[in-house]
Every structure is written in C-alpha cells, then in structure tokens.
Protein chains: 4
Amino acid sequence: MATDNPMQLGMIGLGRMGANLVRRLMRDGHHCVTYDVNPDAVKAMEAEGAVGSSSLAEFVAGLEKPRNIWIMVPAGIVDSTLEQLVPLLDADDTIIDGGNSYYRDDITRSKALKPKGLHYLDVGTSGGVWGLERGYCLMIGGDTPAVLRLDPIFKTIAPGEGSVELTAGRAPGTTASQGYLHCGPSGAGHFVKMVHNGIEYGMMAAIAEGLSIIKGAGIGLQENATHDAENTPLRHPEAYQYDINVGDVAEVWRRGSVVSSWLVDLAAAALAKSPDLQEFGGRVSDSGEGRWTVEAAIDEGVPAPVITASLFQRFESRDLGVFTGKILSALRSEFGGHAEQK
Amino acid sequence: MATDNPMQLGMIGLGRMGANLVRRLMRDGHHCVTYDVNPDAVKAMEAEGAVGSSSLAEFVAGLEKPRNIWIMVPAGIVDSTLEQLVPLLDADDTIIDGGNSYYRDDITRSKALKPKGLHYLDVGTSGGVWGLERGYCLMIGGDTPAVLRLDPIFKTIAPGEGSVELTAGRAPGTTASQGYLHCGPSGAGHFVKMVHNGIEYGMMAAIAEGLSIIKGAGIGLQENATHDAENTPLRHPEAYQYDINVGDVAEVWRRGSVVSSWLVDLAAAALAKSPDLQEFGGRVSDSGEGRWTVEAAIDEGVPAPVITASLFQRFESRDLGVFTGKILSALRSEFGGHAEQK
Amino acid sequence: MATDNPMQLGMIGLGRMGANLVRRLMRDGHHCVTYDVNPDAVKAMEAEGAVGSSSLAEFVAGLEKPRNIWIMVPAGIVDSTLEQLVPLLDADDTIIDGGNSYYRDDITRSKALKPKGLHYLDVGTSGGVWGLERGYCLMIGGDTPAVLRLDPIFKTIAPGEGSVELTAGRAPGTTASQGYLHCGPSGAGHFVKMVHNGIEYGMMAAIAEGLSIIKGAGIGLQENATHDAENTPLRHPEAYQYDINVGDVAEVWRRGSVVSSWLVDLAAAALAKSPDLQEFGGRVSDSGEGRWTVEAAIDEGVPAPVITASLFQRFESRDLGVFTGKILSALRSEFGGHAEQK
Amino acid sequence: MATDNPMQLGMIGLGRMGANLVRRLMRDGHHCVTYDVNPDAVKAMEAEGAVGSSSLAEFVAGLEKPRNIWIMVPAGIVDSTLEQLVPLLDADDTIIDGGNSYYRDDITRSKALKPKGLHYLDVGTSGGVWGLERGYCLMIGGDTPAVLRLDPIFKTIAPGEGSVELTAGRAPGTTASQGYLHCGPSGAGHFVKMVHNGIEYGMMAAIAEGLSIIKGAGIGLQENATHDAENTPLRHPEAYQYDINVGDVAEVWRRGSVVSSWLVDLAAAALAKSPDLQEFGGRVSDSGEGRWTVEAAIDEGVPAPVITASLFQRFESRDLGVFTGKILSALRSEFGGHAEQK
C-alpha cells in the first residue's frame with residue numbers, strides 16, 4: 001500500500017498527533033524531516049526513520065524547494081512558530097497548519113503570507129489517537145494549487161475508502177469519499193473542523209445523557225427520604241425498578257441501531273474497561289471549537305440549541321455556574337424563606 | 001379595612017403559610033378555627049386570637065355548617081389528611097387545598113368527593129413569606145357555587161387592587177385585578193399555579209445568569225494560566241476588564257428598566273445583605289411544579305426550552321449530571337487520550 | 001447462514017417492519033405464520049413463502065404450542081389487538097410486542113397476562129428500512145425463560161457480530177455483541193429503545209445544526225439590507241465568505257472523523273440525492289419516544305438539556321411555538337413600540 | 001419637581017427615544033439644543049420649546065463650553081455621526097452615546113477620543129416608550145469627572161426613588177436607588193445594558209412559554225385525528241380539558257405573585273386589548289444585545305442556557321431553522337422511510 005507519489009514533508013511539532021502523522025506518512029513511503037522544541041522527541045522520530053533537526057534553520061535547510069511544512073502545535077503557539085519560521089522560507093513554499101486554530105486566524109495569516117509568495121493551508125485533522133491506524137479525516141482550506149500539490153500527502157494521511165460503503169448515487173469529482181476534502185479558501189478547513197467538533201459535543205452529550213437516564217432507571221428502588229415542601233416525591237416508583245447494565249446497552253447499540261457510531265463504539269469500550277467510570281470525576285474540558293461553533297451560529301442567525309446545550313453542560317460540569325446557583329438559592333430564601341439544602 | 005362579610009374558616013396546617021393566612025384573615029375580621037398535628041403551633045395561633053383544636057374531630061365540631069376548611073400542608077400528606085377529615089364532614093361542606101398539589105390529584109379528589117356532596121377547591125397560593133403584608137395571589141379551581149361562597153375569604157387573602165395601576169382597557173367581570181381568579185373547574189387553580197412556578201424558575205434563571213455574566217466581566221484581569229490543547233485562551237482579555245458591583249446593578253434595575261420585577265427587588269435585597277452570597281453553596285432545590293410544567297408542555301406539544309433549561313440548571317446545581325460528565329470525560333479519553341483535568 | 005435452530009413464529013402486522021422481519025426470518029430458515037387486517041398484505045407474504053391466515057383464529061390455530069407470536073403494529077392499537085388475541089391463547093404461549101409501545105404499558109400488560117400463564121416480551125427494534133439487510137438491533141424486556149426460548153429468533157433478526165470490530169476487553173456473557181440484549185424485566189426493552197430514540201433525536205439534531213451552520217458560512221456575501229434598531233448588522237462579514245458543499249462535508253466525515261456514524265452516512269446519502277433537500281419542508285415529526293425520554297429524565301432528576309432541546313426543536317419546526325412568538329411580539333410592541341417585521 | 005441644577009444638553013437624533021428624552025429634560029427645567037437629519041423632527045421639537053439646528057455646525061455653535069452632547073441614533077450610524085461631529089468639538093466636551101452600541105465599540109471610541117481631550121460616556125437607556133412618564137433606567141460607563149458633571153441630567157432622566165420601596169439594609173453611596181448608576185469605565189454602561197436585555201429576553205420567554213402552556217390546557221378536548229406510527233396520542237386527555245383565559249391569568253399575576261413584574265403588566269395590557277393577539281404573526285426580532293450577551297457568557301465560561309434558549313427561540317420564530325429541519329426530515333426518510341407530514 002505504498003504511495004505512488006512519494007513526497008518530502010517537514011513536520012514541526014512531534015506530540016502525539018505530529019508523531020503519528022509522521023509514522024503514517026513514512027509507512028506509506030513518504031520522507032519526513034522533523035523538528036520539535038524537545039530534542040528527545042526528535043531523537044525518537046529519528047529512531048523510527050525520520051530525518052531529525054536540532055534547529056528550525058537546520059529543519060528548513062533539510063527540505064527541498066518548494067518546501068512543504070506541516071505545523072502540528074497547540075493553537076496558542078502557532079503564531080510564534082510562524083514568526084520564527086517564515087523568515088527562513090522562500091516563495092512558493094507551503095505551510096500547513098494541521099492543529100485546531102480558529103479559522104479567522106487562518107484568514108489573517110494567509111493574507112499576511114501571500115505577499116511573500118507563501119502558500120498557507122489550514123487542515124482540520126480529526127481522528128485522535130486512533131488516526132495512526134484508522135487514518136485521519138482531513139478538512140482542508142486554502143488555495144487550490146497548494147492543495148493539489150500536497151494531494152499525495154493528504155491521500156496517505158486520510159483513511160481512504162476502506163471498508164466503508166460508498167454512498168449510492170454520489171457524483172465523483174471530489175476526494176470526499178477518500179476521507180479528505182478541499183472545503184474552500186483559507187479558513188474553510190478549520191471552519192468545517194470547528195463545526196465538526198461542535199457536532200461531536202452534541203453527539204457525545206446525547207449519548208451521555210441517554211446512558212445516564214438508563215443508569216437512573218432504578219431510582220424507584222431507593223427510599224424517598226424526603227417528603228417535604230422542598231422536594232417532590234417520585235409519583236411512579238413502580239416504573240423505575242430497573243437495574244440495566246449501561247455497558248451492555250452501549251455494546252448492543254453498536255450493531256444495527258440508528259445510533260451506531262464511532263462514539264458509541266468508544267462508549268462501549270470505556271464501559272467495558274470500567275463499568276462505573278469511577279476514575280473520572282465528570283469535569284469535562286472544552287477546547288474552543290464548541291464555543292466558536294456557537295458564535296458562528298449566532299452570527300449567522302442559525303438556531304443551535306443542541307450544540308449550545310452541550311457546551312453549557314460542560315461548563316456546568318466544571319462548576320462554572322455556581323454564582324448563578326447562589327443567586328437562585330438567595331432568591332428562594334428571600335421569597336419563600338427556603339433554606340438551601342445540603 | 002375590615003371585611004364587609006366576616007366568615008368562619010377552618011385552617012388545617014399552621015406552618016408558615018397556614019399561620020400567615022390565618023393572621024391575614026383575622027386582621028380583616030374573619031373568624032378562624034385552627035388545627036395542626038403540632039399542639040404548640042395551635043397554641044401559638046390561639047394566643048393570636050384563633051380558635052384552636054386538639055383533634056380533627058374537635059376542629060370539625062367547631063365549624064358551622066356548611067363548613068369551609070382550608071388545608072395548608074405539604075403536597076405529600078394532603079391525601080392522608082383527607083382520609084381522616086372527610087368522614088367527619090357533611091354534604092355541602094367545602095374543602096380547599098391551598099398547597100402545591102399536582103393538579104391531576106385535584107381532578108381525582110374532587111371526583112371522589114362529589115358523591116358525598118362535598119365541594120373541593122384547589123387554590124394555588126403565591127406570595128411566600130411576604131404574603132401576610134403583600135397579600136397572596138390566588139389561582140382557584142373548582143365548582144362555581146363554592147368559589148362564590150368563599151369570595152369574602154379570597155378577597156381578604158388576596159392583595160386587592162392596591163397601588164398597582166389598573167390595566168388600561170381591561171373589561172370588568174372577573175376578580176383578576178383584585179389578585180384572585182377563578183381559573184376553571186377542578187385542577188385549573190393548581191394548573192395555573194404550576195405554570196406560574198415554571199415561569200418563576202425561568203425568570204429567576206434569566207436574572208441569575210445575567211448577574212453572573214456581569215460578575216464575570218473581569219475575567220480578562222486574570223492571568224490565563226493554561227495555554228494547552230485542552231483550553232482555549234480568551235481572545236479579547238481587553239474586553240473583560242470590569243469590576244462591576246452586581247448588587248448596585250440589581251438595585252438600578254428596580255426602577256424604570258424593562259426587567260423591573262419583584263424578583264429583581266429580591267435580588268437587590270439579597271445582594272444588599274450579602275454581596276458575595278457566601279452563605280449559599282448554589283445547590284438549588286426544585287419542588288415539583290417546574291417538572292410538571294415541562295411535562296405539560298410536552299403533552300401539549302408546546303416548546304418550552306427556557307423553562308426547561310431553568311429546571312435542568314437546578315438539577316446541574318445539585319450535581320445530578322455527574323454520570324453524564326463521566327461518560328463525556330471517558331469518551332474524550334478514548335478518542336483523544338485526553339486526561340480529565342482537576 | 002441458515003439458523004441451527006429453525007423455529008416457528010407467528011407475525012401479526014405486515015407493514016414495512018413486520019414484513020421485513022418475516023423475510024429476514026424465512027431467509028435464515030425459520031417458519032412464519034402471518035396475519036394482517038389487510039388481506040393483500042397477507043397474500044403478498046404468502047407469495048414469498050410465509051403461511052397466511054385470514055383471521056386471528058386461523059392464525060392461532062396454525063401455530064404449534066407453546067406459540068410464539070410477534071405483534072408489529074402501531075403502538076396505538078396494540079391493546080385492541082391483545083384483546084382479540086389473548087382469549088385464543090393457552091398457558092405458556094409468548095407474545096412479543098416489537099413496536100414502539102410506552103414501556104409502562106408493557107409493565108401493565110405483562111402483569112395482566114401473568115395469571116393466564118402467558119409470557120409477554122417487549123422488544124425495541126431499531127434499524128428501520130435497512131434492517132432487512134443490516135439486521136435489527138433488539139432491546140428485550142421480560143422474563144428470562146421466554147427470552148431464552150426465543151433466542152434463535154432474536155439471533156436471526158439481529159445483525160450478529162458482522163464486520164463491526166469486537167470491543168477490546170469486553171467480558172463475554174451476554175448477547176450484546178450480537179446486536180440483541182435482554183435488558184431486564186418487563187418494560188426494560190422498550191425503556192432502552194425509548195432512550196435510544198431520545199439519543200437519536202439529539203445526534204440527528206447535532207448533525208443537522210452543524211450542517212446548517214456550514215451552509216450559512218456565506219452569510220457575509222449577502223448585502224445587509226437592514227440597518228435599523230431592530231436588527232444588528234453582522235460585525236465581521238469578511239469571516240463569512242464561504243460557499244461550502246454540505247454534501248461533500250457529510251461524505252468526508254464518514255471516514256476517520258470522530259462524528260462518523262450511521263446517521264452521517266445517511267446525511268451524505270440524502271445530500272447526494274438532493275443537495276438542497278428541496279423536497280422537504282423542514283417539518284419534523286416526533287413519535288413519542290423523545291417525549292417519554294425527557295419525562296424519564298425529569299422523573300429521575302437527570303439533566304437532559306441536549307435531548308430536550310432536540311425535542312423542542314421538532315416542535316418549533318412544526319410551528320407549535322407560534323403563540324409564544326405572538327406574546328413576545330406583543331410585549332416588544334408594548335414596551336418599545338416595535339412593530340413586528342414581516 | 002424642577003431640577004435644582006438646570007443644564008444645557010445637545011441632543012442628536014430625535015426619534016422616539018431622543019425626542020422623549022428632550023421632553024423629559026425640558027419639563028424638569030433643562031435647556032436642550034437639538035439636531036436631526038430630518039428637519040421636520042427638529043421643527044417639531046422647536047414647537048415644544050427646544051432650540052433647533054439645521055446643521056451639526058449650527059448645533060455645536062449653539063452649545064456652551066464645555067459642551068454636553070447626547071447621541072441617540074441607531075447603533076449602526078453612531079460612528080459616521082462621530083466622524084462628522086468630533087472635528088467640531090473642543091477639549092473637555094463630553095459625548096454621550098445613549099443608544100444600543102456594542103460595548104466594545106465604546107472602548108474603541110473612548111480611546112480614540114481621549115487624545116483630543118474629549119470625554120465619552122456610554123449610557124444604556126432602558127424604558128422604551130414608557131420612559132417619558134416612568135423615567136429611564138440608566139446604566140453609565142466612562143470616566144468619573146464627566147459622569148459627575150452630567151449628574152443633573154441623569155437625575156432628571158432617571159425615574160428617581162418614586163413609589164418603589166427602598167431596599168432594606170442597602171448602604172448609601174451610589175445613585176442606584178435613583179434609577180441610574182455609574183457602572184465602571186468605558187463600555188461598562190453598555191455591557192450592563194446588554195446583559196439587561198439578555199435577561200429581558202429570558203424573562204419574556206419564560207412568561208410567553210408559560211402563557212402558551214396555559215392556552216394549550218384544552219388540548220384534550222380536540223379529537224386526536226392521527227393515530228399512526230408518526231404521532232403519539234395524548235395519554236391523558238382527561239387532564240387537558242381546560243379553557244383558561246390567559247389575559248385574566250396575566251392580570252391576576254400582577255398582584256402578590258412571585259412573577260409580578262413590569263413584563264407581566266405589559267402582557268396583561270396586550271391581552272386586554274387583543275385576547276388572541278391575532279394582529280401578530282409571532283416572528284420575533286432580536287436587536288443584537290441578546291447575541292452579545294451569549295457571546296460574553298461563552299467568553300467568560302458562564303453557563304447561560306436560559307438566555308441562550310430565548311435567543312434561539314427568536315431565531316426559530318423567524319424560520320431560521322428550516323434547513324436544520326430539512327436535514328432532520330431527510331434523515332427520517334432515509335432510515336425509516338418516513339414521509340414528511342404536511
């Protein structure tokens with residue numbers, strides 16, 4: 001399964017994502033020159049067959065022109081990386097930001113790099129720790145000549161058709177069915193990736209809420225300790241007498257159900273390892289894309305109640321709503337003399 | 001301001017609400033016979049001029065026929081109270097449930113009491129600890145003859161026109177502008193009260209969220225400690241440099257603003273007493289009406305996203321979403337290798 | 001791929017779901033006796049090899065004891081079907097409700113049938129029109145002996161392991177990895193199916209919202225006709241200049257992305273056939289399970305903001321929120337003199 | 001009730017809000033110089049006693065130094081107004097933006113005006129068409145000397161203490177209890193006004209949803225026409241047999257209830273005039289502040305599910321979710337063969 005068109009690619013950033021991309025590229029016959037601020041990460045990739053560099057200058061010098069450089073670093077340090085890198089480059093070189101940049105930064109950057117004759121591609125990269133084997137879904141923004149030039153690289157990184165059935169009646173003409181897509185001009189790749197993550201938040205939340213409701217189906221078995229004016233008793237405890245194994249439920253949904261999905265696969269895997277998930281506290285991070293998706297929805301005037309609810313649910317999970325709760329308790333105390341319950 | 005039509009009313013349940021109703025009635029010239037399972041509560045009301053009773057039998061014996069009996073006990077013990085009370089009553093007596101019963105129970109009860117010739121009124125009573133002075137807003141369900149018979153009682157308990165301006169162009173014909181209303185047949189009173197509380201949840205939440213956003217307006221002053229792939233840095237810290245006193249804001253909104261309301265009055269009062277509300281933990285109870293309002297919305301096919309969000313916000317405040325959060329963290333760990341942050 | 005344990009099953013209801021179940025069973029070597037109120041439906045199945053019946057009596061007579069009878073009719077007519085069927089049955093016969101009954105009805109029915117010695121299984125059946133080929137995911141509730149007796153039937157209807165990878169580290173012991181699961185006592189099957197559909201609503205909504213946001217990414221290209229106090233102009237039109245093909249986006253997400261799922265497959269298929277979906281008006285039905293899922297969440301005190309938002313979104317799509325909108329417009333007119341815009 | 005400190009104020013923009021502010025100021029003894037692009041608006045104010053101007057130059061010339069100029073124009077044309085106005089001004093003059101500007105624009109403008117020695121105040125002004133009589137709630141941002149200088153103007157425009165009871169235990173020290181408040185530096189006034197409007201959206205929505213649920217309480221009286229797999233029948237029609245007058249309900253809540261508020265007053269007024277609100281279509285505008293409030297909540301990491309739901313509800317009311325609905329219908333067609341219902 002070696003590529004027909006071996007290319008050379010420079011990779012800056014050898015964290016989990018960057019290193020796995022290099023591995024997947026080399027496996028398929030591409031040549032990789034690598035750089036990371038951590039020399040140990042470089043050494044490790046050298047051991048796997050990549051060319052290492054001890055400085056950005058050495059890194060750039062090791063690349064044939066026109067150069068193809070993929071940056072895979074946290075969104076917060078892309079700009080400082082570019083500041084150091086750009087002076088070393090020549091016209092017609094291409095920079096690829098494969099991280100999770102805000103798409104508006106891509107628009108700004110590509111505009112700034114254009115007078116220098118540099119191409120800038122924004123590539124949303126989905127697949128996480130599984131991408132090395134499964135391939136990464138790539139959402140690409142930027143100018144067409146650069147996208148075409150890099151096609152062998154994208155083809156290798158993406159999953160390809162694989163065992164997923166073709167969509168009936170789909171017209172040929174794009175690479176979408178290979179798992180990578182040129183979505184539009186600068187920013188379009190990260191825009192689509194941003195929304196992808198927004199959808200991911202919503203799908204995850206739907207699954208998690210549902211499994212929680214199934215886990216709670218035995219609430220009628222608990223004694224209703226509190227029969228006071230502050231709490232309403234469960235009206236039909238006889239309807240909540242179940243003890244359903246949520247891990248088995250996630251597993252059964254993997255085949256034939258409407259909700260079958262990679263996320264349900266992963267839920268089944270997580271629950272197989274740890275039926276009560278006791279190693280997790282339930283505090284859920286959010287890394288920006290969900291927030292930006294909601295802001296885009298608002299700018300566009302598109303109602304997005306589901307994705308937004310999933311974002312705020314994560315905020316709540318991190319106790320960011322405590323002051324709101326304090327005001328609510330204070331109001332209940334003011335009008336009803338209700339003391340807050342512990 | 002004594003009533004023109006002094007009546008006799010029996011009150012069962014001398015908690016905060018029941019006791020204050022008795023006080024308000026006696027002030028206006030009505031005669032009250034009282035009963036509570038706690039003899040001290042009865043003694044206290046006797047000291048204020050009410051007739052006390054040491055048993056339900058004595059209580060019933062102390063009432064002139066046709067009797068008017070107001071029950072003011074937690075929703076969970078209305079039925080057991082009725083079980084003891086009803087055998088002691090005679091045809092044409094009226095029972096009033098002034099608590100927070102589920103309106104469907106009213107339908108059941110009034111149907112069960114009808115063959116005995118008993119009237120049953122469901123009276124949603126809003127006003128909390130302020131009702132003694134401010135008057136209680138009464139939402140009444142049940143048959144018209146009983147409602148009319150009790151009119152002097154309702155008129156006294158309700159606020160009356162007071163200093164609230166009349167609604168321009170409003171046709172006369174109901175007592176709504178006196179602060180009490182016969183809403184319809186059995187259950188209608190508690191149905192309207194239930195929805196009232198649903199609205200209350202939503203209004204409270206809107207105020208509390210808004211004040212939290214104002215309190216958070218200084219977030220740009222904090223150093224952004226975390227610049228990693230798990231957290232997105234604030235893009236415009238310069239726009240969040242405020243230190244705004246939320247108590248002053250609540251106070252200024254009390255006059256002339258569109259959000260001016262009793263709840264804003266109470267928020268200002270709470271924040272005047274305790275600017276940081278440090279005595280509250282932010283765990284917000286819900287007492288049934290919000291849940292039932294959402295269920296009614298769903299049964300009717302009426303979208304109620306705002307009231308529902310305010311209900312779930314209370315659930316979240318009591319950490320009822322923890323298992324959902326655990327699944328979300330587990331999924332993030334599965335696909336991205338993300339460790340949950342502390 | 002013929003079954004090792006051919007059984008006889010009676011099927012009542014030969015709509016799309018019932019007929020396809022019969023086909024899938026017969027293909028695998030089981031014997032089916034069929035009945036439908038529509039004689040043409042029966043004839044059609046006879047042509048495909050099933051035994052037909054012209055009456056319930058004939059249907060029952062055609063089954064060996066202990067009989068196994070699968071009812072596949074709309075939830076609203078299960079009870080009337082049972083009324084006619086049950087008197088014809090004998091102790092130890094099993095009735096399977098494979099439709100979308102409310103799980104509490106299952107509890108009621110199984111209790112009612114128990115004194116007659118009848119088994120009652122509730123089987124949530126997911127898979128839609130694709131189930132014939134793909135297999136149906138089965139969520140089963142009821143007593144264990146009946147579930148075990150029907151195992152060969154369930155095994156045939158379900159997808160089996162198929163090409164879906166096994167979950168690493170999963171303990172054996174249930175049939176979940178075959179696509180069918182005994183979830184618990186009566187009602188447990190439909191409870192899990194109910195929640196499955198709630199999750200389905202949420203996942204669908206997340207995908208649909210996301211694709212709408214991508215479709216709206218060109219809003220900055222439109223002239224902002226309205227610069228008045230009623231509308232806010234888009235602050236950054238330069239960030240919304242894209243024309244992204246949503247069908248291509250759905251397609252690319254099918255491989256390697258975190259959101260890859262059967263629903264994304266179907267979205268890609270629908271958009272391949274009809275890029276603008278102009279044959280749809282956007283009015284989305286809901287068939288009960290979403291509503292019940294939300295009610296279960298509320299009963300259990302589990303926050304379910306995402307699933308609930310997806311339910312209310314469907315209500316909104318059918319214009320069920322119009323009176324709410326009228327009140328909002330009326331309020332805006334009252335306080336601001338704002339005329340409603342067309 | 002004339003002011004003790006008559007001042008001169010220049011007003012640019014004589015729409016409903018600007019004209020009423022001038023009227024309220026003149027009534028209290030202040031002197032107003034006015035300008036509007038529409039000469040008829042200027043003439044009308046002259047007839048009421050204001051000084052009119054036929055050009056910005058004449059307007060500025062008519063003001064004593066240091067000048068105090070209030071701009072009351074749509075947010076979209078504040079900047080072009082400033083461009084023309086600023087060159088005509090002198091150091092120590094004060095510009096007040098009383099409209100609904102985005103607070104970040106205030107930060108930008110005050111920074112730009114500072115080198116010229118100009119003061120810039122942002123004043124969120126709430127009260128709508130009722131402000132002339134009721135007074136306007138003022139939320140003020142900007143530098144303290146200018147705020148203090150304008151105090152007599154603010155005092156006149158604001159409602160004053162009026163008949164609203166003082167908040168018990170409130171420390172003196174701010175003007176909040178007079179209905180105006182210096183909230184902080186530039187932008188703070190419009191920030192607080194922005195959130196005020198976000199709260200307004202949420203409170204309006206809670207009231208509107210609740211009244212819709214009450215209006216829908218008779219749904220059990222309708223025949224359930226559709227008993228098919230696409231629709232679930234109402235399980236308890238006997239619980240929805242009411243015909244409740246929503247106008248009476250709004251009226252009764254005005255006195256003594258927890259939800260008593262100006263918005264409930266206005267709902268009662270609207271329903272008194274038009275019980276079915278048939279002159280409204282239910283399409284609800286949003287003018288920017290709600291959107292910005294949600295974006296602030298997201299930037300701050302404060303969960304705001306209620307305010308956000310009220311924003312999206314307005315989007316839905318204007319049919320902005322149609323493409324989302326089309327995708328949902330298309331998916332239902334794909335997996336279930338469900339035809340969209342009309």
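A cavity is, on a 1 Å grid over the protein atoms alone, a set of points where a 1.4 Å probe fits but cannot get out; its lining residues have an atom within 4 Å of a point. Grid points are joined across faces, edges and corners, and a volume is the space filled by probe spheres set on the points. The structure is a predicted model, in which local features need pLDDT of at least 70 and side-chain atom pairs count only at pLDDT 80 or more, while totals for chains, interfaces and linings use all residues. Residues are numbered from 1 along each chain as its sequence is written, chains are lettered from A in the order in which they are written, and side-chain values use heavy atoms, with hydrogens and water left out.

**Cavities**

The structure holds 9 cavities of 30 Å³ or more. The largest cavity has a volume of about 280 Å³. It is lined by 21 residues, and those closest to its centre are A:P305, B:P305, C:P305, C:A309 and D:A309. Helix α13 (305-317) of each of chains A, B, C and D gives two or more residues to this lining; helices here are DSSP runs of H or I of at least four residues, and strands are runs of E of at least two, numbered from the N terminus.

The second largest cavity has a volume of about 90 Å³. Its lining includes A:F312, B:F312, C:P305 and D:P305, and α13 of chain A and α13 of chain B each supply at least two of the lining residues.

The linings can also be described by residue class. Ala, Val, Leu, Ile, Met, Phe, Trp, Tyr, Cys and Pro count as nonpolar, Asp, Glu, Lys and Arg as charged, and the others, Gly among them, as polar.

**Chain C and chain A**

In this interface, 92 residues of chain C are in contact (heavy atoms within 4.5 Å) with 92 residues of chain A. The buried area, which is the accessible area (1.4 Å probe) that two parts lose on being put together, summed over both, is about 7500 Å² between these chains, and carbon and sulfur atoms give 68% of it.

There are 4 salt bridges between chain C and chain A, a salt bridge being a side-chain nitrogen of Lys or Arg within 4 Å of a carboxyl oxygen of Asp or Glu. A:D248 and C:R170 form a salt bridge through their side chains, at 2.7 Å from N to O. On the side of chain C that touches chain A, α9(C) provides the largest share, with 18 residues. By class, that side has 52 nonpolar, 25 polar and 15 charged residues.

**Chain C and chain B**

Here the contact takes 20 residues from chain C and 20 residues from chain B. The area buried between them is about 1700 Å², with carbon and sulfur atoms giving 72%. In chain C, the residues that lose the most area to chain B are C:I298, C:P303 and C:F312, together 38% of what that side buries.

The count of salt bridges between chain C and chain B is 0. Both α12 and α13 of chain C supply at least two residues of the side that touches chain B, and that side has 13 nonpolar, 3 polar and 4 charged residues.

How values were computed. 1 Å grid on protein atoms, 1.4 Å probe; cavity = no way out; pocket = protein on both sides within 12 Å on 5 of 7 lines; lining within 4 Å.
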